[in-house]
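Hello,

Here is the structure I promised to pass along, with some notes on what turned up in it.

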Amino acid sequence: MLEARLPQAALLKKIVEALKEMVNESNFDCGDSGISMQAMDSAHIAMCSLLLRSEGFEPYRCDRVISLGLSFSSLSKVLKCAGNDDVVTLKAEDDADTLGLMFESPKEERVSQFDLKLMDIDSDHVSIPDQEYDCTVHLSSAEFARICRDLSTFGASVVLDATKEGIKFSASGELGRGGILLKQQGSVDDSSPTSTRIEMREPVSVTLSLKYLNIFTKAAPLSEVVTINMSSEIPVLFQFSIGDIGHIRFYLAPQIQEDD
Amino acid sequence: MLEARLPQAALLKKIVEALKEMVNESNFDCGDSGISMQAMDSAHIAMCSLLLRSEGFEPYRCDRVISLGLSFSSLSKVLKCAGNDDVVTLKAEDDADTLGLMFESPKEERVSQFDLKLMDIDSDHVSIPDQEYDCTVHLSSAEFARICRDLSTFGASVVLDATKEGIKFSASGELGRGGILLKQQGSVDDSSPTSTRIEMREPVSVTLSLKYLNIFTKAAPLSEVVTINMSSEIPVLFQFSIGDIGHIRFYLAPQIQEDD
Amino acid sequence: MLEARLPQAALLKKIVEALKEMVNESNFDCGDSGISMQAMDSAHIAMCSLLLRSEGFEPYRCDRVISLGLSFSSLSKVLKCAGNDDVVTLKAEDDADTLGLMFESPKEERVSQFDLKLMDIDSDHVSIPDQEYDCTVHLSSAEFARICRDLSTFGASVVLDATKEGIKFSASGELGRGGILLKQQGSVDDSSPTSTRIEMREPVSVTLSLKYLNIFTKAAPLSEVVTINMSSEIPVLFQFSIGDIGHIRFYLAPQIQEDD
């Protein structure tokens with residue numbers, strides 16, 4: 001049996017909004033150590049994974065492993081019924097065909113109880129090897145979201161060039177060409193948490209689909225900072241932290257870059 | 001001849017916005033004691049009535065009874081030309097085919113004069129008997145609007161269960177089922193005006209169409225509180241006060257509740 | 001070669017938003033004294049002109065006359081990539097087929113460089129004679145925009161009547177008729193900059209297309225005040241100042257007014 005209580009429904013809302021653009025349905029795998037999920041998009045091009053550690057809930061109890069087959073659009077509709085400051089409690093029996101969600105308003109004058117139907121979803125877990133990346137860039141997630149949206153008017157793909165100077169996003173198309181450089185700020189003492197910081201072994205240049213980046217940036221409300229991990233010929237990893245509780249990770253393979 | 005002056009156009013705007021979703025056109029019946037209206041929706045399922053007492057206007061003058069056949073969508077368009085703080089004056093001759101609306105801005109630097117064409121509308125007044133209800137619930141109109149909107153994603157109808165504990169709204173459908181309980185707060189001394197309060201002779205349970213409730217809640221901007229009057233087998237009455245001036249009332253018959 | 005630097009991208013954004021509703025593409029003519037543009041709408045009914053004096057840039061440099069053929073929808077897309085407070089620098093070579101736009105964020109942590117493709121556009125300059133007008137009205141551009149929008153629900157054209165009392169906007173149609181009078185406030189000492197002021201030799205009445213006025217009012221964010229210059233039988237001139245730098249002017253011929 002699962003019982004997991006989160007003090008703020010807003011967090012769960014943001015998580016589901018971040019996932020539902022890319023994944024229609026998937027299993028939440030609940031176990032002793034917390035809740036995790038892994039899924040590809042319907043075109044099987046990008047992957048995302050979610051981790052919510054048991055320590056993030058209070059209390060958290062899960063006697064044995066349960067797989068909850070969730071439709072994210074349905075879950076999103078149920079969560080719209082929760083106030084941002086409501087306490088949310090998830091409950092599921094071991095062989096449940098519904099997930100129970102209880103929302104309690106801060107002053108407890110409103111208590112809502114929903115039973116969401118679960119689905120049988122086949123899942124084939126891909127084990128993701130731990131990679132060492134040539135370059136890791138920390139930058140403002142809001143700035144990243146804005147750049148991806150802005151450059152989408154120029155073309156379908158963007159080139160990310162990470163050097164010691166900074167990270168540059170370039171796109172070109174019928175309008176012309178454009179490039180946006182975020183300068184490395186890490187050495188400055190008074191840098192804010194969202195200042196661009198780069199750790200690198202060598203410069204990396206990758207070309208990525210803006211369609212997918214614009215899907216990933218739905219996770220920007222979860223975290224002020226996004227971390228981009230890049231090497232030249234393996235999938236790029238975009239990580240958004242979920243407070244101290246866990247994270248959402250997106251993986252996207254670089255396109256073969258054509259010289260022009 | 002009618003002449004009626006309201007100090008704030010915002011009030012008349014809200015009244016018309018509350019009515020126009022349900023009623024396309026109806027007669028405003030103007031008499032010595034004020035202005036009233038009664039109308040069914042086009043499907044003849046729900047009814048609404050409006051009362052604006054003469055004391056709410058300053059001045060108010062109406063020598064003899066006049067019926068003003070109004071298109072609410074047209075009246076809404078004219079009122080969009082008024083500032084919220086404009087003084088509005090309604091004028092109509094005894095056999096008028098137009099309603100005059102004058103809007104004066106607070107500093108009188110802008111004066112607008114509109115003549116809205118009137119319509120000939122057949123009206124058959126239903127006399128609504130004064131009912132005693134088994135249960136009367138006072139609750140926040142904003143909360144009520146939110147619950148009706150949220151539960152619409154679950155199903156087409158909602159069950160209202162009023163007990164001493166509180167009022168519960170339940171719906172079910174393909175997603176699963178959901179219930180929202182607003183607890184009675186009346187006994188608490190520091191309760192706010194929008195706290196849920198229940199007066200009852202016996203518990204009542206009725207099933208209602210969410211489509212209509214979502215139409216009624218267009219009146220929520222008029223009043224912080226909505227009062228729901230229920231007995232088991234007669235139409236439920238939803239009342240929104242209009243300051244001290246009057247009220248809008250909506251009536252909706254319960255559906256035959258199917259056990260599931 | 002052109003090089004022109006503006007301290008705030010917001011100004012250029014507003015200019016392009018003001019123009020692009022009316023004009024798809026046109027030449028920016030750059031010379032020693034600044035940048036100018038003149039264009040008709042696609043139906044050749046209204047005309048607009050833009051002037052940006054060289055003094056408004058810092059620095060401004062233009063060795064010889066250059067005509068930059070711009071698509072305003074494309075330029076608008078590029079400017080969406082600039083922050084409102086970015087410094088923007090325009091650059092073009094003498095025989096350029098692209099316009100360079102550089103956006104630098106205030107703290108210089110973000111530098112964007114765009115190259116927008118230019119177009120070959122035939123332009124036939126109309127020389128606009130300096131007119132003396134019978135009546136000049138200064139009024140709030142926001143109020144003017146609101147009146148034009150509101151009266152559009154009444155009819156396709158509006159009558160402007162300027163007298164010593166004020167300026168009156170009237171329209172009529174199926175709904176009925178409406179008139180909005182803005183009273184002259186000029187004589188009052190504590191009048192605000194957006195108070196209605198009228199300078200006149202004689203009263204003027206003109207009938208104008210609301211469709212075009214609603215296009216012109218896209219320029220309202222540029223200036224708190226619009227100046228309307230009218231005589232009975234020549235095109236009416238609407239002028240929006242661009243700070244101390246220049247202005248946008250719109251010209252629209254009156255319709256033949258039918259008595260009703």
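In this predicted model, Leu160(A) stands opposite Val206(A), a residue of strand S15 of chain A. The strands involved are S11 (residues 157-162) and S15, which run antiparallel and are joined by six bridges. Is S15(A) enclosed or open to the outside? Five of its six residues (204-209) are buried, so the strand is largely enclosed by the rest of the structure.

Next, the place where chains A and B meet. Here 17 residues of chain A are in contact with 18 residues of chain B. About 1,400 Å² is buried between the two chains, and carbon and sulfur atoms give 51% of that area. Nine residue pairs are in polar contact across this interface, counting pairs with both residues at pLDDT 80 or more. On the chain A side, helix H2 (72-79) and strand S9 (110-117) are the elements that give two or more residues. The largest share, eight residues, comes from S9(A). Sorted by class, this side of chain A has six nonpolar, four polar and seven charged residues.

S9(A) also pairs with a strand of the other chain: seven bridges join it to S13 (residues 176-183) of chain B, in the antiparallel sense. If you want a spot to look at, Ser112(A) stands opposite Ile180(B) there.

The count between chains A and B is one salt bridge, and the side chains that form it are those of Arg110(A) and Glu143(B), at 3.0 Å from N to O. Both residues belong to a network of salt bridges that also links Asp86(A), Arg146(B), Arg149(B) and Asp150(B).

In chain C, Arg110(C) forms a salt bridge with Asp86(C), with the closest N and O atoms 3.0 Å apart. Arg110(C) lies in strand S9 and Asp86(C) in the loop between helix H2 and strand S7, so the pair ties together parts that are 24 residues apart in sequence. Both residues are buried.

Lys20(B) is partly exposed at 28% relative accessible area, and Glu17(B) is partly exposed at 31%.

Over all chains, the count comes to 33 salt bridges.

Best wishes

Key
Residues numbered from 1 in each chain as written. Chains lettered and ligands numbered in written order. Predicted model: local features only at pLDDT ≥ 70, side-chain atom pairs only at ≥ 80, totals over all residues. Heavy atoms only, no water. Buried < 20%, exposed > 50% of the residue type's maximum accessible area, 1.4 Å probe, protein only. Helix = DSSP H or I, 4+ residues; strand = E, 2+ residues; numbered from the N terminus. Pairing = 2+ DSSP bridges. Contact = heavy atoms within 4.5 Å. Buried area = accessible area lost by both parts, 1.4 Å probe. Salt bridge = Lys/Arg side-chain N within 4 Å of Asp/Glu carboxyl O. Polar contact = N/O pair within 3.5 Å; in protein donor to acceptor, adjacent residues only side chain to side chain. Nonpolar A, V, L, I, M, F, W, Y, C, P; charged D, E, K, R; others polar.
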